[in-house]
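Please open the model in a viewer and follow the stops below in order.

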Amino acid sequence: MGPLVPDIIGIDLNFIFALIIGILFGAILEQAGFSTSKKLVGLFYGYDFTVLRVFFTAGIVAMIGVLALTHFGLLDINLTYINPTFLWSAIIGGLIMGLGFIVGGFCPGTSVCAAAIGKIDAMIFIGGALLGVLLFAEGYPLFEGLYKSTNLGNPRLFETLGISQTLFASLFTVVALLVFIGVSIVENRINGIKKAPIRFTPYYFGIAVFGLVVALSAFMFPERKASLIKMVEDNSLVNSYNLDIMTVDELAFKLVSDDSKLQIIDFRSAKEYEKFNLPKSSSFLIDNLFEKEPNKLLSVNHKVNVFVGNNEIIERKMAIIAKELGYKNIKILKGGLNAFVEDILNLKPTKDTISQEGRDTYRFRVKASQIIPKLIKQNKTSGPVKKTQKRVVGGC
Amino acid sequence: MENSKYMNPYLAGLLLGLLLIATIYITGRGLGASGALKSFTVASVETVAPSHTQATKFYKEYSGEHTGSPLMNWLVFEMVGVVIGAFISGLISNRLNFKLEKGPRATTRIRVIGAILGGMLWGFGSQLGRGCTSGAALSGMAVMSTGGIITMFAIFGGGYGFAYFFRKFWL
């Protein structure tokens, strides 16, 4: 699951990727014609909308792509950098940049691109940009108030608008397509070209097909999380699903003998977990199963993951989801934690002492009921496992 | 305007979009440009006046957020890549030459002053707005960040709003 940094790709290798990504970035910008200021400002005077076309096509493709990766469970959006929203600095900073665009003829990325192929005005522009950063840095105490005001956190626009992200992306795409048609009409009028604004060349056709395939695949393959949660609502399937089962005595034995392979995954609420938790256990919520960071715990080699919950049905549901997600070495506790508490921790004198087996079990349980509460007490001091999620640091 | 020399804009957009998806999938962050300018500025000031950076708030906050040399930064490596990539592209398409580009009515003097001032406005604005066209607007759009999209509208809105007053520069 993405992002691949920092687990699969290390910090140093990431720099190599930065270089490769940069080379492709520079090459695409240059090929698109972003290395000339006349083409760049054309968008503001209506004679050349190349920048707008490239920019919004890229934005929509990336928006749909990120949506698709999240939809199919390939990218954990909680770990991805979402630009923070500071309302006033975003608006005023943006307006200043807009003025800079029209006065200077570039933006930072395109100026570097243009300077690389020898544009002298771009080199001067970069010098000015460095001065601008210096100005901000030196005058920082003056601007800090504005810079840090109206911090709205990291909202995403569909949340701000209160609509679903797919609806937002669809609306955005439709608006962009209408804008593309509109600017073609404007551009043709200003340049005196008589040509239909919409033409079905292979390029447009190919891009449209690509978009449709992504959209259709999202319909055909529903979101992983939603479909799995729906699947475990079917009780007959949940009860007939083949799962490895661990008895309460087995679990008690593994706890008493301090089995290093044992790993308990506790699916009760955080409150219940805080009140009472077994040694070697980690608190999990259903959402954690779909996240990248907590899942490292489930993927540790040679560990046996025992899923526990208040009752066996909950354990079964969680274990089925985990198995469907491809995790191995998953077991569930027979009868759930309730059975464990009743049979081991709150052991009552039993009448079943007739058979040899019954007597042995009882003797073991008596011993376990003395040892395990002590282990729980010792464990308490260390507190529950805290899972920290860290977003990637990004931005300009 | 049809120009056969350049790539079809929608194809370029598609490629740029795919590159951005790959970047987010691999690194968890988008593309950027102005951050590299910031790193470069901080590194320069650190070299010229190290005592100044230790006493000034902006640099202190910067070093609080970043470890190591300011030049050991993802965006710096990325921008080095941009220089290489653009150069190769210019070489292939035969566009390498030293040239000062300006509007038909603009003098060299106006163009030079415009480039410096425009650059300064970008340097300043991108710090205030937490990113430029790449880092805030494009990458922000990809992850549907409210702030990024607001910055994007402000940049383009500002461009259109001010365009009339600077038409002598370009038309």
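How many Å separate the centres of domain 1 of chain A and domain 2 of chain A? Taken over C-alpha atoms, the centres lie 50 Å apart. This is a predicted model: local features need pLDDT of at least 70, side-chain atom pairs count only at pLDDT 80 or more, and totals for chains, interfaces and linings use all residues. Residues are numbered from 1 along each chain as its sequence is written, chains are lettered from A and ligands numbered from 1 in the order written, and side-chain values use heavy atoms, without hydrogens and water.

Select residues 11–224 of chain A for domain 1 and 230–378 for domain 2; these bounds come from an automatic or database domain assignment. Their contact (heavy atoms within 4.5 Å) takes 4 residues from domain 1 of chain A and 5 residues from domain 2 of chain A.

Next, display Asp76(A), Leu79(A) and Arg224(A), which supply 89% of the area that domain 1 of chain A buries against domain 2 of chain A. Across this interface the rule finds 0 salt bridges, a salt bridge being a side-chain nitrogen of Lys or Arg within 4 Å of a carboxyl oxygen of Asp or Glu.

Now select Asp48(A) and Lys39(A), a salt bridge whose closest N and O atoms are 3.1 Å apart. Both Asp48(A) and Lys39(A) are buried (under 20% relative accessible area, 1.4 Å probe, protein chains only).

Finally, select Glu144(A) and Lys57(B), whose side chains meet in a salt bridge at 2.7 Å, N to O. Salt bridges that share partners join Glu144(A), Lys148(A), Lys57(B) and Glu61(B) into one network.

Definitions and conventions:
Buried area = accessible area lost by both parts, 1.4 Å probe. Buried < 20%, exposed > 50% of the residue type's maximum accessible area, 1.4 Å probe, protein only.
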